[in-house]
Amino acid sequence: SGDDADCDLRAQKAAEGTFMYRAVRAMLRLPDAHALQAQACRAVANVCAGYDPPSLSRRQRAVSAGFLPAAVKAMQSHEGNDVVLLQACRAVTNVSAGDDDAGLALSQYAAVADFLRPCAR
């Protein structure tokens, strides 16, 4: 539908710009700002949704920008905040879906960080 095409186009434009790096930088600069953490994770989750070739590229860009460690830090810092945990888990799931480089990066990262525990709630 036209709405899906518009959404895909907006996601691609966001990923092609500096969105991922700015989102990660904001998360790391303001680790105590729970609303920012939740909204940044929500935005990354939305931009990285899908399985088409452009979404694979967006997921890789999120990994390259350092989103996975930023999401881990958000989950650890806001362990009692269900909104942050939900949005971070959604984002991590979308970024790591599949068996491409982003999924492999998550597997490697998960080997050294026990951050999926909050996602199992």
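These legends go with close-up views of a predicted model.

**View 1. Helix 5 and helix 6 lie side by side, with their axes coming within 9 Å.** Helix 5 covers residues 67–77 and helix 6 covers residues 82–96. Their axes cross at roughly 160°; angles over 145 degrees count as roughly antiparallel, so that is how these two helices run relative to each other. Look, too, at how helix 5 passes helix 6: the crossing is left-handed.

**View 2. Here we meet the residues that join helix 5 to helix 6.** From helix 5 come Phe67, Leu68, Ala71, Ala74 and Met75. Their partners in helix 6 are Val84, Leu85, Ala88, Cys89, Ala91, Val92 and Val95. Sorted by class, this contact has 12 nonpolar residues, with no polar and no charged ones.

**View 3. The largest nonpolar core brings together 27 residues.** Met20, Met27, Val44, Ala62, Phe67, Met75 and Val95 have the most contacts inside this core. Helix 2 (19–29), helix 3 (34–47), helix 5 and helix 6 each supply at least two of the core's residues. Helix 6 gives the most, with seven. In soluble globular proteins, nonpolar side chains tend to be buried together.

**View 4. His78 sits in the loop between helix 5 and helix 6.** Is His78 buried or exposed? His78 has a relative accessible area of 9%, and under 20% counts as buried, so His78 is buried. Setting aside neighbours within four places in sequence, His78 is in contact with Pro31, Asp32, Ala33, His34, Gln37, Val84 and Leu85. His34 is 44 residues away along the chain, yet the C-alpha atoms of His34 and His78 are separated by 7.1 Å.

Methods
Residues are numbered from 1 along each chain as its sequence is written. This is a predicted model: local features need pLDDT of at least 70, side-chain atom pairs count only at pLDDT 80 or more; totals for chains, interfaces and linings use all residues. Side-chain values use heavy atoms; hydrogens and water are left out. Axes are lines fitted to C-alpha atoms, for helices over the stretch in contact, and angles run from 0 to 180 degrees between N-to-C directions. Helices (H or I, at least four residues) and strands (E, at least two) are DSSP runs, numbered from the N terminus. Angles under 35 degrees count as roughly parallel, over 145 as roughly antiparallel, 65 to 115 as roughly perpendicular and the rest as oblique. A crossing is left-handed if the near helix is turned anticlockwise from the far one by less than a right angle, and right-handed if clockwise. Contact means heavy atoms within 4.5 Å. Ala, Val, Leu, Ile, Met, Phe, Trp, Tyr, Cys and Pro count as nonpolar, Asp, Glu, Lys and Arg as charged, and the others, Gly among them, as polar. A nonpolar core is a set of buried Ala, Val, Leu, Ile, Met, Phe, Trp, Tyr and Cys residues joined through side-chain atoms within 4.5 Å. Buried means under 20% relative accessible area, exposed over 50%, partly exposed in between (1.4 Å probe, protein chains only).
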